[in-house]
Amino acid sequence: MAKDTPSLQAAMESLFGTALGQSASLISLPGGSRLFSAGDESDHLYLLRSGRLGAFRHDEDHDELSLIGIIRPGEPVGEMSLIAGTSHSSTVMALRDSDLLAMPRDAFFAAMESRPELTLALARKMIERARRETPNVTPNVFAFYAICDQPIRPLIDRIAVQVRALGYTVAIIDKAFHGTAPEAFSQIEAENDYVLHVAECHESHWRLLSARQVDHVFLLANAERPPDALASAWEKSLLHRAPDLILLYPNDIRPHIPGRTKAWLNVIEPTRWFHTHPDNVNDAARLARIITGHSVGVVFSGGGARAFSEIGAIQALREAHIPVDFVCGSSMGAILAASLALGWDEAEIDWRIRDAFVNSSPLDDIVMPFISMVSGAKVDKRLEKHFGDVQIEDMPIPFFCLSSNLTTGVLKVHKTGTLRRALRASISLPGVLPPVVEDGEVLVDGAVMRSFPATMMRNTHLGTVIGVDVTRARGLDPRALVIPKNLGSWFAKGDWRRGPPIVSVMMRSATIITAADLALSRAATDLLIIPEPEGVEIRDWKAYDKAVESGYQTTVATLAQLDSPVTTLRKLGKSVHPNIPAFTPDDSYMATAVEPPANTGRART
């Protein structure tokens with residue numbers, strides 16, 4: 001920057017200190033209140049003097065507000081819409097008690113004409129925000145509030161230990177700080193990387209003050225008990241966005257109490273929820289990763305039998321001791337994602353997937369094709385055998401999968417409900433399997449609309465996104481369309497169980513993805529793994545071992561080229577992708593083409 005060009009903060013402070021600035025008014029926003037909403041008219045320029053604001057945008061995939069940026073003291077608010085003459089494109093709310101100066105539009109434009117240095121400083125800020133690939137989303141003040149009689153301070157202390165083990169400084173603020181001036185909170189934040197507020201169940205007055213000083217709230221409840229009056233009385237109006245829910249379990253109980261989680265979700269309506277044993281160091285470490293942006297989310301694509309490669313990827317990730325905190329998948333990738341989210345070990349994954357898909361075809365109950373080529377009864381029985389009555393919300397690792405809603409034309413995100421039914425919808429290839437009808441809506445394979453939901457995983461947490469993508473840009477292999485010359489031999493060898501070649505055509509047609517969509521999804525990952533199981537066709541269920549080995553070897557080779565821990569990739573703004581050229585019909589891509597990125601900074605591990 002030239003010496004005679006002031007910084008944006010200096011230019012803004014100078015502006016508001018001039019005669020034009022006298023037209024500005026002071027606004028005080030309590031934490032959790034809204035400055036403006038997306039779609040509102042842009043009629044003021046704001047300067048944040050103290051506190052912190054959050055910019056939110058509606059996430060259509062998850063039907064909720066998603067934090068896209070944080071505004072700190074000295075920064076302008078609303079300048080882009082004001083200059084462009086458009087309505088606000090995002091919703092801005094106070095993350096804590098904040099003071100702002102508001103200048104009317106006419107006064108602002110008068111200043112722009114007489115102060116060219118302000119115009120230049122603002123233009124640079126706007127370009128910086130527009131070019132920023134990674135949103136400025138770095139919340140560092142979190143609240144943990146008990147909505148049960150169970151003391152939670154010991155768990156918060158354990159989380160703080162794990163945060164320090166990641167290399168950060170952290171402070172815990174409790175009811176002893178009730179009545180403290182806002183400046184004291186600001187000082188504590190300035191001296192620490194992370195600040196954790198904690199309030200026990202009956203510390204309501206402290207909680208009311210604390211809730212206006214934090215970026216995000218976790219509510220902690222006793223999972224052994226159903227929601228009661230304490231939970232129902234929670235002050236939802238204090239929060240600028242839905243809280244997260246932590247359900248606490250005794251150490252000798254696995255987090256599977258059918259139906260209990262759903263009851264809590266109905267009362268709290270959280271954004272995310274976690275099953276935790278307060279005395280378990282691994283659970284405390286997971287929560288520490290989640291709040292510091294060191295969490296890991298794994299995304300599995302669809303791809304029919306090629307998705308067996310994802311089993312090999314699971315094996316390699318576990319051998320490398322990479323933690324997994326969130327999992328999602330689409331189509332066949334949803335099946336493999338569920339096996340990971342349920343905590344099955346390698347042996348259990350192997351025998352269950354072999355039993356369900358490999359030892360005998362699940363798609364040989366052929367019927368008159370009024371709706372589909374097979375009845376789906378065999379698939380239903382196998383899903384029931386291996387996934388039982390597990391509810392998605394009860395799963396130990398947060399999980400979601402996708403289906404495509406043919407009634408509304410939008411994606412269906414399955415975050416709650418019976419797991420096997422969600423999986424059945426996610427793998428219901430149109431024309432091959434009958435669709436799932438739920439609440440008057442027709443659901444089919446998730447890959448019809450999104451085979452690789454990496455962008456959705458990226459909006460789920462602040463940490464690294466690992467993508468395992470077996471989507472084929474090359475398309476259908478013509479060799480899969482060879483018509484059997486001898487139908488008797490075709491039946492005698494059992495090749496009919498794979499289905500006739502038309503199945504490949506239908507599977508590929510229903511799940512084809514554009515180059516732009518696939519590139520966008522892949523770009524949303526921080527670590528991209530692309531197995532290429534040579535010769536494995538999407539309905540080649542017997543090629544299980546070849547596909548698994550391909551996924552394992554590709555993942556091992558990709559991990560070997562990292563120069564920093566997987567948990568720090570998004571934190572450092574790094575991405576590790578194969579060197580993928582522009583899409584052409586004949587392209588195929590190997591994950592072993594990964595080049596290690598330049599080290600852009602010291603990783604806190």
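Predicted model: local features only at pLDDT ≥ 70, side-chain atom pairs only at ≥ 80, totals over all residues.
Arg354 is partly exposed at 23% relative accessibility, and Asp350 is partly exposed at 28%.

Next, select Arg52, Arg96, Glu189 and Asp215. Salt bridges with shared partners join these four residues into one network.

The whole structure holds 24 salt bridges. For another of them, select Asp97 and Arg212, whose closest N and O atoms are 3.0 Å apart. This pair links distant parts of the chain, 115 residues apart: Asp97 lies in the loop between strands S7 (91-94) and S8 (98-104), and Arg212 in the loop between helix H7 (204-210) and strand S12 (216-222). Asp97 counts as partly exposed, at 23% relative accessibility, as does Arg212, at 28%.

Now move to Arg272 and Asp244, which form a salt bridge with closest N and O atoms 2.7 Å apart. Here too the pair links distant parts of the chain, 28 residues apart: Arg272 is in the loop between helix H9 (260-268) and strand S14 (273-276), while Asp244 is in strand S13 (residues 244-248). Both Arg272 and Asp244 are buried.

Finish with the open sheet of four strands, ordered S1-S8-S3-S6 and paired antiparallel. Its edge strands, S1 (25-29) and S6 (76-77), each pair on one side only. Zoom in on S3 (residues 44-50) and S6, which are joined by two bridges in the antiparallel sense. Select Tyr46 to find its bridge partner in S6, Val77.

Definitions and conventions. Residues numbered from 1 in each chain as written. Heavy atoms only, no water. Pairing = 2+ DSSP bridges. Salt bridge = Lys/Arg side-chain N within 4 Å of Asp/Glu carboxyl O. Buried < 20%, exposed > 50% of the residue type's maximum accessible area, 1.4 Å probe, protein only.
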